[in-house]
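Dear colleague,

Here is the structure I promised to pass on to you, with the sequence beside it. Please look through it first, and then read the notes below with the picture open.

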Amino acid sequence: QPAPPEARTTAPKPASGSPAPLPLAGRRILVAEDQYLVAAEIGAAIEDAGGTVVGPMPTLARALQAAETEAIDAASLDVNLNGEMIWPTAAALQRRGIPLVLVTGYASTLEAPADLAGLPRIEKPVHARQVVARLCRLLGIG
């Protein structure tokens with residue numbers, strides 16, 4: 001009979017040393033997006049970077065409620081959620097001092113309210129890593 005396998009007393013070490021730290025580790029990121037595939041892609045990129053996704057919120061009402069009540073470190077907001085503009089959610093996040101990036105297919109024609117005009121924007125079609133990189137910059141990471 002073969003001998004039973006030996007019990008490990010320590011965890012195996014990664015071949016290349018310690019893994020790179022995840023830039024969004026411990027951060028909660030609100031994602032407001034009404035297109036399922038875009039929301040899934042952005043959410044996966046946030047999770048791959050160590051973050052926790054709050055949402056995705058596909059409607060203005062749900063995004064606004066989360067912006068007002070959830071513990072959030074930053075946000076990625078689609079400007080147009082099923083025909084409703086995201087401005088109330090963006091304003092609620094700004095009042096709380098939470099950094100955010102607007103994701104829009106209307107970058108060249110978008111007219112935000114004056115108090116929200118300077119918010120950072122990413123134009124669709126969006127690359128999820130681009131959203132994560134912008135969120136990291138807004139949070140002062142990297």
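The accessible surface of the chain comes to about 8300 Å², and 53% of that surface belongs to carbon and sulfur atoms. Please keep in mind that this is a predicted model. Of the 142 residues in the chain, 41% count as buried. If you take the contacts between residues at least 6 apart in sequence, 67% of them join residues at least 24 apart.

The chain contains 4 helices and 7 strands, and, read along the sequence, these follow the pattern β-α-β-α-β-β-β-α-β-β-α.

I would begin with the sheet. It is an open sheet of 5 strands, in the order β2-β1-β3-β6-β7, and the pairing is parallel. The edge strands are β2 (52–57) and β7 (121–123), each of which pairs on one side only, and the twist from one strand to the next averages 15 degrees. Helix α1 (residues 36–48) packs on this sheet, where it touches β1, β2 and β3, and its direction makes about 170 degrees with that of β2.

Next comes helix α3 (residues 87–95), in which W87, T89, A90, A91, A92 and L93 are buried. What covers these buried residues? The cover includes β1 (28–32), α2 (60–69), β3 (74–78), β5 (84–85) and β6 (100–104). Just after the helix, G97 takes a positive phi of about 75 degrees.

Two packed helices are described by the angle between their axes and the distance between the axes. Here the axes of α2 and α3 come within 9 Å and cross at roughly 5 degrees. Because angles under 35 degrees count as roughly parallel, α2 and α3 are therefore roughly parallel to each other. The contact is made by L60, A63, L64, A67 and E68 from α2, together with P88, T89, A92, L93 and R95 from α3, and these residues divide into 7 nonpolar, 1 polar and 2 charged.

Finally, please find P58, which lies in the loop between β2 and α2. Is this residue P58 buried, exposed or partly exposed? Its relative accessibility is 26%, so P58 counts as partly exposed, given that buried means under 20% and exposed over 50%. Leaving aside residues up to four places away in sequence, P58 touches E33, D34, L81 and N82.

How values were computed. Residues are numbered from 1 along each chain as its sequence is written. This is a predicted model: local features need pLDDT of at least 70, side-chain atom pairs count only at pLDDT 80 or more; totals for chains, interfaces and linings use all residues. Side-chain values use heavy atoms; hydrogens and water are left out. Buried means under 20% relative accessible area, exposed over 50%, partly exposed in between (1.4 Å probe, protein chains only). Helices (H or I, at least four residues) and strands (E, at least two) are DSSP runs, numbered from the N terminus. Contact means heavy atoms within 4.5 Å. Axes are lines fitted to C-alpha atoms, for helices over the stretch in contact, and angles run from 0 to 180 degrees between N-to-C directions. Angles under 35 degrees count as roughly parallel, over 145 as roughly antiparallel, 65 to 115 as roughly perpendicular and the rest as oblique. Ala, Val, Leu, Ile, Met, Phe, Trp, Tyr, Cys and Pro count as nonpolar, Asp, Glu, Lys and Arg as charged, and the others, Gly among them, as polar. Accessible areas come from the Shrake-Rupley method with a 1.4 Å probe; for residues, only the protein chains shown count as cover. Two strands pair if DSSP finds at least two bridges between them.
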